[in-house]
Amino acid sequence: MIRRPGHLADTEPPTGVPADVPGLDLERAGLTVEAAGGSAERFRHALAAGQAALPAAASTDSVVTLAGIAGWRAGVLGLRDDALAHLPEVPLAAAAAALGIAEGELGAFAERQRTDRFWWPGRAGQRGYVCAVGGFAGLGGAWTAPPTDPRPLDDDGAFAVRAGERWWRVDADVWGSRLVALEGEPPTASGRGAGPTASLLTFDESYLAWIYAAEPA
Amino acid sequence: MADRWHKLSQAPTTSASGEGTAAMTAADLFRDAPATTAVPLDEKLRQTYYWIVNRAVISPYYDVEFSSGAPLAFSLGDADAELTLPSEASFSSNVLLPLLSFAVGGKCLLVGGPGRGKTTVAVLMGVLAGSTPDDVRRGVQQGQPQLTISDLVGIPLPRDLMNAASLAEVGVAWRDWLSRPVKIVDEYNRIPTKTQSALLTMVAEGYVESHDQLRRTAPASGVESWFFTANDDAGGGTFPVIQALRDRMDVTVPAAGFNSRFLDELITRVEAGEKPEEHVPAELVFAPDEQTAMRAAIRAVPVPAPVRRRLEFFLSHFEFVQGGGRRFEYRTKDTVTTAGGKVAETIEANSGADLMADLGAQTLNGLSVRALQTLIVYAKAVAWFRGRDEVSLADVAAMVPFVLRGKLLPNPTHPRFDVGVERELSTDLMSWLGDLFAESCRQYDALGRGRADPVGEMLAQLDAGLDGVSAVEASRRLTAIEARLRAASASGKLYGRDFDDLTALKYLHQRYTAYLRWVEGRA
């Protein structure tokens, strides 16, 4: 089987068709999600799932907040802080549906996420593996050589890795990742940036780099 | 009917550091996209490129490659064919080069057999400049053996011919196409020689003259680009193209063949009776002030010193030929050519140098200043198009084949074009030129020219000025120059790459000698 880049938390994404909301351009929001590194399609599905759990009289502001959560769920790293901060402002059922997490687990998810951006309820079941990034260019990935020399960077959730002669920056969280080619070798992190346990793993014969977060025993 | 043509790249067409990780709020998702006018011009040009290759011209060829590190390569067949997968965004030359010519106001020659989309690409450029498709098509000058200067530029008004007392009173009805921002001349190698000369004045000088009347050809934006098409650029056609006109072609671009896997799209167009130039999205049209700003932005892209040095080294190979003359300065290919001699024979007679190591032996001529200027402009243009802050070596390497084709002529008697594996280079000039630049860079590295540049340092020292330089210091510098010449003399071998350095040393020697004379005379 050919392994491709992806997030293990994303195995059962929410689905649905979003309902139009007067005054909100959902198509524009999808394009913004896409431009910010997320998936417009996943955004639409996540928003639709959340909308279905919203009360009929929900305000437009609630839908906007829900859209932020759905955008984060669709892979926009920049929405993480905003989504976490506003999670309590939307009904529990709607937020859980947009994230594709059981209602009963949302509290724990929000709590753990504040200190560990790679946590989700199923992580222990995946032995701590969070996501695979990169991949072989010939199969639609980013790299033409297996990645090597992974190292954490100072920013939270950021790593550097070398593929062939080129260095890349990897930014990731539980739902999304972003790869940016660097002009040269980045400075080594002065402290641990990606939470207390997360690291980037590479393997000699794989074009994928894996983010791994050791689970406490 | 849904407009299947009107689809632009919504995502940024190139990635920048930090993109996609900057903090956002939910409300940001619903903010309006920047207005069309706010799209940076380089992004607009990239959107235009992607619209053309994805919607307008079926061109799944990526021959202008950019890679960080070595690209992944696959050997195919039993004749050394190799397919490479570049690791960075790469481009289709038969769209990219015309687009860059449009952006810089250049002259682009599209060559290739009939029916390969050469004129279609040129017409698209005209529409991008704001003309209607009908106007652009009407303005296409069709090269044919009976084309006269009057056909090309216009006619004197018959009334004035009858009444005028002098030529100055003869009004000329100028052809409308002359002041269009994009000018297209189809099959220019079928135009009679005399008419070609009139065309040369327009292309080279930017004006046209008839009956003592003069008309500037530049449009309001000041940016005019020319597109010529020809079925070949090897001297074929009804009339041979005059060399001066051929030299004015900034870039030469071979048209790509049709990829049979894209027949469905072709059938769709045939059935709908559609022409791509009639469907150019309005957002992609460049207003005159945008064209002016775009050209200014391209010219402002800096060429860093390490790239300049490699470019200098590349240029230095080609002018010198050992047996071309007696006086050192006259040992050039131009001396041989202007005296009616054969450069190839002169090169072959030079038994002292290694023909395989001497890159200059592979060419029949040197490079003109005009070709060099064009190379710099197009390297800046492609760097700007790729969203880079400065020109990189990759940008120069990518433009070398297109700018130097037809200008740097291969020496057919060189062993490289004779022997087995490289014989294909005698017909594939683009690959040869690309390889010539790559080999020059390899020599540059092997000779350590990037680590130490004593002649460059001496020139910089002089550039810093002679104010306050004592007679003793001037004498010390003269001694250093003579020492370098002595060292070159001791090596026994002389290559083109040393010729410019040696003549520069003589120049320095002259400047310091004159200065020393002046200082001593004053004392």
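One term before the rest: two residues are in contact here if their C-beta atoms, placed from the backbone, lie within 7 Å. Also, please keep in mind that this is a predicted model.

Let me start with chain A. The domain assignment gives domain 1, residues 8-113, and domain 2, residues 125-213. Their C-alpha centres lie 26 Å apart. Where the two domains touch, 11 residues of domain 1 of chain A are in contact with 10 residues of domain 2 of chain A. On the domain 1 side, that is five nonpolar, three polar and three charged residues.

Now a helix pair in chain A. Two packed helices are described by the angle between their axes and the distance between the axes. For helix α2 of chain A, residues 40-52, and helix α5 of chain A, residues 92-99, the angle is about 155 degrees and the axes are 7 Å apart. Angles over 145 degrees count as roughly antiparallel, so α2(A) and α5(A) are roughly antiparallel to each other. Their crossing is right-handed. From α2(A), the contact uses A46(A), L47(A), A49(A), G50(A) and A52(A); from α5(A), it uses A94(A), A95(A), A97(A) and A98(A). By class, eight of these residues are nonpolar, one is polar and none is charged.

Next, the two chains together. How many residues does each chain bring to the contact? Chain A has 33 residues in contact with 25 residues of chain B. On the chain A side, at least two residues come from each of α1 (26-35), α3 (60-73), α4 (80-86), β5 (166-172) and β6 (177-181). The largest share, seven residues, is from α1(A). By class, the chain A side divides into 14 nonpolar, 10 polar and nine charged residues.

On to chain B. Chain B is divided into domain 1 (93-299), domain 2 (305-446) and domain 3 (454-522). The centres of domain 1 and domain 3 of chain B, taken over C-alpha atoms, are separated by 49 Å.

I have two helix pairs to show in chain B. The crossing of α19(B) and α20(B) is left-handed. The contact includes L478(B), I481(B) and L485(B) of α19(B), and L505(B), Y512(B) and L516(B) of α20(B). By class, it has 13 nonpolar, three polar and four charged residues.

In the second pair, α10 of chain B, residues 288-299, and α14 of chain B, residues 369-385, pack at about 105 degrees with their axes 8 Å apart. They are therefore roughly perpendicular to each other. Here A297(B), I298(B) and R299(B) of α10(B) meet K380(B), A381(B) and W384(B) of α14(B). Four of the residues in this contact are nonpolar, none is polar and two are charged.

Last, confidence. The model scores ipTM 0.86 and pTM 0.70. Chain B averages a pLDDT of 87, with 93% of the residues scoring at least 70. Over residues 11-18 of chain B, pLDDT stays under 50, and the model has 14 contacts beyond four places in sequence for that stretch. Where pLDDT is low, the predicted coordinates should not be read in detail.

That is the end of my part.

Conventions. Residues numbered from 1 in each chain as written. Chains lettered and ligands numbered in written order. Predicted model: local features only at pLDDT ≥ 70, side-chain atom pairs only at ≥ 80, totals over all residues. Axes fitted to C-alpha atoms, helices over the stretch in contact; angles between N-to-C directions. Helix = DSSP H or I, 4+ residues; strand = E, 2+ residues; numbered from the N terminus. Parallel < 35°, antiparallel > 145°, perpendicular 65-115°, else oblique. Left-handed = near helix turned anticlockwise from the far one by under 90°. Nonpolar A, V, L, I, M, F, W, Y, C, P; charged D, E, K, R; others polar. Domains from an automatic or database assignment. pLDDT = per-residue confidence, 0-100.
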